[in-house]
Amino acid sequence: MRNLPKIVLPLLYASAFAIALNAVPASGNHLGRLPESLGFNLQQVQDLYRAGKYAEAIPLAQRGLELHEKKRGPDHPDLVVSLNYLAKLYAALGDSAKAESLYQRALA
């Protein structure tokens with residue numbers, strides 16, 4: 001992450017903070033998780049990220065974001081989870097412009 005512009009790290013921390021505040025409702029269900037019947041598996045994205053397979057995880061994370069947007073609308077606060085995962089993947093690949101754009105959207 002040392003090659004990222006200085007703005008990305010504060011955005012990363014802010015998005016992580018937003019997730020901590022908004023991602024887990026009182027019922028205990030994770031807002032970032034969509035039903036597997038919709039074709040999205042967040043665990044698979046997380047596993048690929050941990051394995052360093054960022055390019056492989058991006059299409060899955062993009063699909064999750066699309067499903068999330070369709071289900072909850074493009075401006076729903078719950079989208080911060082999907083936006084953050086996708087941004088983390090782009091940041092890991094060194095695409096700071098895409099990562100920053102997604103982090104900014106998550107913060108908005």
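Angles under 35 degrees between two axes count as roughly parallel, over 145 as roughly antiparallel, 65 to 115 as roughly perpendicular, and the rest as oblique. The axes are lines fitted to C-alpha atoms, for helices over the stretch in contact, and the angles run from 0 to 180 degrees between N-to-C directions. The helices themselves are DSSP runs (H or I, at least four residues), numbered from the N terminus.

This is a predicted model, in which local features need pLDDT of at least 70 and side-chain atom pairs count only at pLDDT 80 or more, while totals for chains, interfaces and linings use all residues. Residues are numbered from 1 along each chain as its sequence is written, and side-chain values use heavy atoms, with hydrogens and water left out.

Start with helix α3, residues 54–72. Its axis comes within 9 Å of the axis of α4, and the two cross at roughly 160°. α3 and α4 are therefore roughly antiparallel to each other. Contact here means heavy atoms within 4.5 Å. On the α3 side, the residues in contact include Y54, I58, L65 and H68. On the α4 side, they include L79, S82, L86 and Y90. By class, this contact has 11 nonpolar, 4 polar and 1 charged residues. Ala, Val, Leu, Ile, Met, Phe, Trp, Tyr, Cys and Pro count as nonpolar, Asp, Glu, Lys and Arg as charged, and the others, Gly among them, as polar.

Now look at S82, in helix α4. S82 has 5% relative accessibility and so counts as buried (under 20% relative accessible area, with a 1.4 Å probe and protein chains only). Leaving aside residues up to four places away in sequence, S82 touches G64, L65 and H68. With H68 there is also a polar contact between side chains, at 2.6 Å. Such a contact is a pair of N or O atoms within 3.5 Å; within protein, one must be able to donate a hydrogen and the other to accept it, and residues adjacent in sequence count only if both atoms are side-chain atoms.

Helix α4 (residues 79–92) also packs with helix α2 (residues 42–50). The angle is about 20°, with the axes 11 Å apart. That makes α2 roughly parallel to α4. This crossing is left-handed. L42, V45, Q46 and Y49 in α2 meet Y85, K88, L89 and A92 in α4. These residues divide into 6 nonpolar, 1 polar and 1 charged.

Finish at Q46, in helix α2. At 11% relative accessibility, Q46 counts as buried. Q46 and A61 lie 15 residues apart in sequence and 9.3 Å apart in space, C-alpha to C-alpha.

Key
Left-handed = near helix turned anticlockwise from the far one by under 90°. Buried < 20%, exposed > 50% of the residue type's maximum accessible area, 1.4 Å probe, protein only.
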